[in-house]
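Subject: The structure, and what turned up in it

Hello,

Here is the structure I promised to hand over. Please have it open while you read the notes below it.

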Amino acid sequence: MNYSSVIGLVNNAALLLALCLLYDMLGLRFQDRKSLIQQFLTGIVLGAIGLVIMSDPWDLGQGVVFDTRSVLLVISGFFFGTIPVVLAVLMTGIFRFVMGGAGVWTGLGVIVTSGAIGLLWRYYRRNTMQNPSIGDLYLLGIVVHVAMLGWMFLLPWQVAIEVLSKISLPVMLIYPVATAILGNLMIVSEKRRQAQAE
C-alpha cells in the first residue's frame with residue numbers, strides 16, 4: 001500500500017460524502033411511500049452524484065480506475081429502492097462504458113453488483129432498514145467491496161494481480177468505513193426531518 005493510493009481513495013470518498021451532504025440539503029428523502037416521479041428524480045440525482053465522483057477517479061492506467069461509485073450505489077439500493085438505484089446504475093454504467101479501457105467490463109460488473117447487493121440487503125434486512133446499526137452498514141460495506149475486488153479477475157491475469165496488490169488493503173480500509181459513514185448520515189438526516197415534521 002502506498003501513500004498516493006490512500007490519498008486518492010480518501011479524496012474520492014470525501015467528495016462522495018460532500019455531494020451527499022448537498023443531496024441532504026435538497027431535502028430528498030428515502031421513505032418507501034414516494035411517488036413515481038419522486039423516485040425517478042431521486043434516481044437522476046443519485047446518478048448525477050455518481051457521474052461527478054466518477055469524473056475524479058484514482059487512475060491506475062490502462063483504463064483501470066477506482067472511485068466510490070460502489071459506496072454510492074450500494075447505499076442507494078439499500079435506502080432508496082429499485083427505481084432510484086436502477087436509474088443510478090444505468091447512468092453510471094453508460095458513463096463507465098464510454099470511458100472505455102481495459103477495466104470497462106470490470107467497472108460495469110462492480111456497478112451492477114453494488115446496486116444489486118444494496119437491493120438484496122434492503123430486502124433481507126427490511127426489519128432494520130429504517131434504523132440499521134453502524135456495524136450493519138460496515139458489514140454491508142465489507143460485502144460489496146469484497147465482491148468489487150472479485151471483479152478484478154475479469155482483467156488480464158497479470159494486470160489483475162498487480163491491481164489487487166495495490167488496491168486491496170486501501171479499499172478494504174477506506175470503503176467500508178465510507179459506506180458506514182454515508183449510511184449513518186442518511187439515517188441522521190431522516191431522523192432530523194421526522195423530528196422537524198413532528
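What follows is a short tour, from the whole chain down to single residues.

First, some ground rules. This is a predicted model, in which local features need pLDDT of at least 70 and side-chain atom pairs count only at pLDDT 80 or more, while totals for chains, interfaces and linings use all residues. Residues are numbered from 1 along each chain as its sequence is written, and side-chain values use heavy atoms, with hydrogens and water left out.

**The whole chain**

The protein chain has seven helices and two strands; these are DSSP runs numbered from the N terminus, with helices being H or I of at least four residues and strands E of at least two. Read from the N terminus, the order is α-α-β-β-α-α-α-α-α. Of the 198 residues, 49% are buried (buried is under 20% relative accessible area, exposed over 50%, partly exposed in between, with a 1.4 Å probe and protein chains only). Among contacts with a separation of 6 or more, 79% join residues 24 or more positions apart, where contact means heavy atoms within 4.5 Å.

**Helix α4 and its partner**

Helix α4 has 18 residues and reaches 25 Å from its first C-alpha to its last, close to the 26 Å expected at 1.5 Å a residue (the expected span is 1.5 Å times one less than the number of residues). Its buried residues are Pro84, Val85, Leu87, Ala88, Val89, Thr92, Gly93 and Arg96. The cover over them includes α2 (36–54), β2 (64–66), α3 (69–80) and α5. After α4 comes Gly100, with a positive phi near 70 degrees.

How do α4 and α5 pack? Their angle is about 170 degrees and their axes are 9 Å apart; axes are lines fitted to C-alpha atoms, for helices over the stretch in contact, and angles run from 0 to 180 degrees between N-to-C directions. That makes α4 roughly antiparallel to α5 (under 35 degrees is roughly parallel, over 145 roughly antiparallel, 65 to 115 roughly perpendicular and the rest oblique). On the α4 side, the residues that meet α5 include Val85, Val89 and Phe97, and those they meet in α5 include Trp105, Leu108 and Ile111.

Leu90 also lies in α4, which covers residues 82–99. Leu90 is partly exposed, at a relative accessible area of 48%. Its C-alpha is 8.8 Å from that of Val112, 22 residues away along the chain.

**An aromatic pair**

There are four aromatic pairs in the structure. One of them joins Phe78 and Phe79 edge-to-face, at 4.9 Å centre to centre and 75 degrees between the planes. Rings of Phe, Tyr and Trp (its six-membered ring) pair if their centres lie within 6.5 Å, with planes under 30 degrees apart stacked, over 60 edge-to-face and the rest tilted. Phe78 and Phe79 are both buried.

**Helix α6 and Gly141**

The 17 residues of α6 (residues 134–150) should span 24 Å, which agrees with its end C-alpha atoms being 24 Å apart. Among the buried residues of α6 are Asp136, Leu140, His145 and Met148.

Leaving out residues up to four places away in sequence, Gly141 touches Pro176 and Thr179. Gly141 and Met172 are 31 residues apart in sequence, with C-alpha atoms 8.6 Å apart.

Best wishes
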